Amino acid sequence: MNPDNLATPLAASIGDVVSISLLSFIASLLFENLETHIWVTFVVVAGYFILLPFWVYIVFRNKYTRPVLSTGWVPVLSALFISGLGGLVLDAAVGVYDGFVVFQPIINGIGGNLVSVQASKISTMLHQSSILGIVPPHTNIFELPWRALFNGGKIPYAKSARILILMSIPGQVLFIFVADYIHMSSSTIGLPFVLSYLTVSLVQIMSLLYIAHIIIHAMWKWKIDPDNSAIPYLTALGDLLGSSLLLIAFLFLTTIGHDYGESQEAIGPPIADSQHSSDIFGAY
C-alpha cells in the first residue's frame with residue numbers, strides 16, 4: 001500500500017479530530033471554572049512552557065525531525081495567517097447563510113486531503129528522480145495548467161491529478177447529501193445547489209493541484225524539502241479558497257433565487273435577497 005495515498009490524509013484527519021476534541025473539552029472545563037478557579041488556567045499555560053524544552057530536546061535527538069526545528073516555523077506561521085483569512089470569510093458568511101458552516105468543512109477537508117496526497121506524490125517522485133536543488137528535465141516550475149493537471153505527456157503526476165479530480169466529484173456529492181440530511185433531517189438539496197457546489201469545489205481542487213505543482217517544484221529548486229514545508233501552505237490555501245468559493249456559490253444561489261434550505265416561495269424574487277450580499281460585505 002502506497003503511504004502517499006493514505007498516510008497524509010489519514011494523519012491530517014485524525015489530527016483535526018483529536019485537536020478539536022481536546023480543544024473543546026479543555027476549553028469547556030476552563031470556562032466553567034473561570035470564575036472560581038482562574039488559577040487553573042495559569043497553571044496549564046505554565047505547564048506548557050515547562051514542557052516545551054523537553055519536547056524540543058526529543059525532536060532534536062531524532063535526525064529525521066531535527067530539521068523541522070529550524071525550517072518548520074515559517075510554513076506553519078504562514079499557514080496560520082492564511083487560514084486566518086479563511087476564518088474571516090467564514091465569520092462573515094456564517095451569520096448570513098444558514099448551512100454555510102455545514103458545507104465549509106466538507107469542501108475544505110476534501111480539497112486539503114486531496115492536495116496533500118498530490119503533494120506527497122510529487123515530493124516522493126522528486127526525491128527518487130532528482131537531487132535537491134535540480135528540477136527534473138521532464139517538467140518545469142511553471143507549466144501550463146492543462147499540462148500540469150491533464151495532458152502532461154512526460155509529467156508523471158498529471159495522471160494522479162486527473163484521478164484526484166475525478167475522485168472528488170462522487171465524494172463531494174455523497175458528503176453534501178449526507179450533511180444536508182443530518183442538518184435538515186430531510187433532503188433539501190436541489191440541482192442548482194449541487195451544480196454550484198460542484199463547480200466551486202472543482203475550481204478549488206484544480207487550483208490547489210496546480211499551485212501544488214508550482215510550490216513544490218519552486219521549493220525543490222530553492223533546496224527546501226517540500227515534505228517539511230509544502231503541505232501547511234497548501235492546506236491553508238485550501239481553507240481560504242474553499243471558504244471564499246463556497247461563499248461565492250451561496251451568493252450566486254441567492255441571486256438566482258435558490259437559497260439553501262428554503263423553498264422558492266419563501267425566498268421570493270432574487271432582487272429581494274440582495275440584502276444578503278450587503279450584509280456580508282458590510283461585515284468587512
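The model is predicted, so local features need pLDDT of at least 70 and side-chain atom pairs count only at pLDDT 80 or more, while totals for chains, interfaces and linings use all residues. Residues are numbered from 1 along each chain as its sequence is written, and side-chain values use heavy atoms, with hydrogens and water left out.

Let me turn to the overall fold. The protein has 11 helices and zero strands, where helices (H or I, at least four residues) and strands (E, at least two) are DSSP runs numbered from the N terminus. Its C-alpha atoms fill a box of roughly 65 × 65 × 35 Å along the principal axes. Of the 284 residues, 37% are buried; buried means under 20% relative accessible area, exposed over 50%, and partly exposed in between (1.4 Å probe, protein chains only).

I now come to helix H4, residues 73–94. H4 has 22 residues and reaches 31 Å from its first C-alpha to its last, close to the 32 Å expected at 1.5 Å a residue, the expected span being 1.5 Å times one less than the number of residues. Which residues of H4 are buried? They are Pro 75, Ala 79, Ile 82, Gly 86, Val 89, Ala 92 and Ala 93. Seen down the axis of H4, these buried residues fall within an arc of 140 degrees, so they line one face of the helix; the arc is that of the directions from the helix axis to the C-beta atoms. On the other side of H4, Trp 73, Leu 77, Leu 80, Phe 81 and Asp 91 are exposed.
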